[in-house]
Amino acid sequence: MSYMPAANRYDHPEFYRRCGRSGVMLPVISLGLWHNFGAVDDFDNARAIVRRAFDSGITHFDLANNYGPPEGSAEETFGRILQQDFAGHRDELIITTKAGYYMWPGPYGEWGSRKSLLASLDQSLRRMRLSYVDIFYSHRPDPETPLEETMGALAHAVKSGKALYAGLSNYSPQQTAEAAGLLRGLGTPCLVHQPRYSMLDRRIEPELLATLKQEQIGAVVFSPLAKGLLTDRYFGGIPADSRAGHDPRFLKPADVTEAVLSRTKRLNELARSRGQTLAQMALAWVLRHPVITSALIGASRPSQVDDCVGAARNLGFASEELMKIDAILAGDA
């Protein structure tokens with residue numbers, strides 16, 4: 001059956017925020033394809049997740065060259081979905097990819113050389129059957145390659161028409177400021193930075209957030225739900241289909257500690273008093289900062305998209321609520 005997007009998907013303009021000082025608006029909730037979109041995963045379920053996201057107003061889909069497993073297969077899956085369902089909607093989408101982590105054998109299969117980044121981008125475009133991506137990221141800084149070379153490669157990707165904007169991910173505040181200056185000098189300003197951020201991982205406070213504000217760069221944060229810990233999934237044990245239950249590469253059962261659960265259960269009580277799920281409150285919390293444009297979610301089924309999008313209905317916090325959250329996270333409540 002052919003796919004017809006929901007006619008009301010843009011009925012909530014407050015769902016979109018400007019990214020830094022650019023003209024780009026991103027949805028406050030974006031869909032990441034890090035997990036559940038590889039060749040080992042069910043294609044029909046992946047397709048249903050993407051459809052539900054777009055029907056809900058999500059226009060931003062985030063990938064990287066090595067997402068899968070195996071590496072590259074998430075881009076192939078997304079390319080199939082684009083061809084089957086979104087061929088007439090490309091201009092409504094922000095599609096991103098990244099390069100920098102290990103992708104293929106040899107000295108050019110990772111890190112930040114011009115050779116590695118531009119070869120990877122060409123591969124990503126072929127896998128997704130696209131002529132360009134909207135944002136191309138340096139996925140991590142390369143300690144052995146001059147930053148001028150890495151930023152020059154991003155600028156070339158933009159000037160060649162293979163990407164519309166340049167982005168950074170996992171860069172320190174100092175590296176971000178230097179990279180942003182180089183990109184400005186090359187005529188391709190940095191649009192966005194993608195750091196990890198959640199209630200359980202606040203390392204970007206305050207320095208990186210201050211740097212992004214000063215540089216007028218937007219932030220799209222990943223792992224805002226701390227790989228599922230900031231949901232109610234683990235309150236009754238470790239489900240077999242959960243991240244910790246079936247894919248311990250990124251969340252081990254040992255990470256689901258009583259100390260963490262004690263905090264998240266108290267956070268859940270506060271979320272319920274706000275009329276939200278824990279996941280919704282956790283997303284609203286990262287979005288409270290004006291520098292942060294969007295929170296990247298993962299999903300293993302369409303209903304999880306619905307839950308996360310629901311966070312946008314209540315993004316405000318009373319000062320007392322923020323103080324209580326800080327106390328819970330510090331173990332004082």
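Predicted model: local features only at pLDDT ≥ 70, side-chain atom pairs only at ≥ 80, totals over all residues.
Tyr67 is buried, with a relative accessible area of 8%, where buried means under 20%, exposed over 50% and partly exposed in between (1.4 Å probe, protein chains only).

Residues are numbered from 1 along each chain as its sequence is written, and side-chain values use heavy atoms, leaving out hydrogens and water.

Rings of Phe, Tyr and Trp (its six-membered ring) pair if their centres lie within 6.5 Å; planes under 30 degrees apart count as stacked, over 60 as edge-to-face and the rest as tilted.

| Pair | Centre to centre | Angle between planes | Class |
|---|---|---|---|
| Trp34 and Tyr67 | 6.4 Å | 35° | tilted |
| Tyr197 and Trp285 | 5.4 Å | 35° | tilted |

Trp34 sits in the loop between strand 3 (29-32) and helix 1 (43-55), and Tyr67 in the loop between strand 4 (60-62) and helix 2 (73-85), so their pair ties together parts 33 residues apart in sequence. Helices (H or I, at least four residues) and strands (E, at least two) are DSSP runs, numbered from the N terminus.

Tyr197, in the loop between strand 8 (190-194) and helix 6, and Trp285, in helix 9 (residues 278-286), are 88 residues apart and link distant parts of the chain. Both Tyr197 and Trp285 are buried. Finally, Tyr3, Phe54 and Phe86 form one aromatic cluster.
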